[in-house]
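Student: Can we go through this one together? I'd like to start with the terms.

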Amino acid sequence: MAEHGSTGTHSHGFEEHAKTYDGFIKGSIAGTIFCLYVMVALVAFAFIAAGTNLLVGFGGLIIGTLALIIDLRVGGSWKLSVGWLVIYGLLTTVMLA
């Protein structure tokens, strides 16, 4: 039989595979958090009084996007993004009442 130069290990591309998998997981989490920001912004646009709905909707969405970018650059702990999402959701809820 022909030898293919294998030394018995099957980890030829494992490091690249692990990096790709980690990138996919980080991207999926960031995409999910961003979708939640968009959902809260849509609630703000639709149900908050006409004078402040654009400020709250776009302001929260922009700050949330910046928080996501910071969390992605820092290493993916997601504390800043999720924390701002909770604050943004609560702010929107209070303004609805």
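Tutor: Start with burial: a residue is called buried at under 20% relative accessible area and exposed at over 50%, with partly exposed in between. Also keep in mind that this is a predicted model.

Student: OK. Which residues of α3 are buried?

Tutor: The buried residues of α3 are Ser81, Trp84, Leu85, Tyr88, Gly89 and Thr92. Looking down the axis of α3, they fall within an arc of 135°, so they line one face of the helix.

Student: And what is on the face turned away from the buried side of α3?

Tutor: That face carries the exposed residues Lys79, Leu90 and Val94.

Student: What covers the buried residues of α3?

Tutor: The cover includes α1, residues 14-47, and α2, residues 53-74.

Student: How does the length of α3 check out?

Tutor: Helix α3 has 18 residues, 79-96, and at 1.5 Å a residue it should span 26 Å. Its end C-alpha atoms are 26 Å apart, which agrees.

Student: Zooming out, how many helices and strands are there?

Tutor: The protein has three helices and zero strands. From the N terminus the order is α-α-α. Of the 97 residues, 25% are buried.

Student: What share of the contacts comes from residues 24 or more positions apart?

Tutor: Counting contacts with a separation of 6 or more, 64% are between residues 24 or more positions apart.

Student: Back to the helices. At what angle do α1 and α2 pack?

Tutor: The angle is about 170°, and the axes are 8 Å apart. With angles over 145 degrees counted as roughly antiparallel, α1 and α2 are therefore roughly antiparallel to each other.

Student: Which residues meet there?

Tutor: From α1, the residues include Ala30, Ile33, Phe34, Tyr37 and Ala41. From α2, they include Gly57, Leu61, Gly64, Thr65 and Leu68. By class, the residues of this contact divide into 15 nonpolar, five polar and one charged.

Student: You listed Phe34. Which residues does Phe34 touch, leaving out those up to four places away in sequence?

Tutor: Phe34 touches Leu61, Thr65 and Leu68 on that count. The C-alpha atoms of Phe34 and Leu68 are separated by 7.7 Å, although the two residues are 34 residues apart along the chain.

Student: How does Phe34 count for accessibility?

Tutor: Phe34, which lies in helix α1, has 35% relative accessibility, so it counts as partly exposed.

Student: Then which α1 residues are buried?

Tutor: Ala30, Ile33, Tyr37, Val40, Ala41 and Ala44 are buried in α1. What covers them includes α2 and α3.

Student: Last pair. How do α2 and α3 cross?

Tutor: Their axes come within 8 Å and cross at roughly 170°. That makes α2 roughly antiparallel to α3. Among the residues making the contact are Val56, Gly60, Ile63 and Asp71 of α2, with Leu80, Trp84, Tyr88 and Met95 of α3.

Student: What's the class breakdown for the contact of α2 with α3?

Tutor: It has 10 nonpolar, five polar and two charged residues.

Methods. Residues numbered from 1 in each chain as written. Predicted model: local features only at pLDDT ≥ 70, side-chain atom pairs only at ≥ 80, totals over all residues. Heavy atoms only, no water. Helix = DSSP H or I, 4+ residues; strand = E, 2+ residues; numbered from the N terminus. Expected span 1.5 Å × (residues − 1). Buried < 20%, exposed > 50% of the residue type's maximum accessible area, 1.4 Å probe, protein only. Arc of directions from axis to C-beta. Contact = heavy atoms within 4.5 Å. Axes fitted to C-alpha atoms, helices over the stretch in contact; angles between N-to-C directions. Parallel < 35°, antiparallel > 145°, perpendicular 65-115°, else oblique. Nonpolar A, V, L, I, M, F, W, Y, C, P; charged D, E, K, R; others polar.
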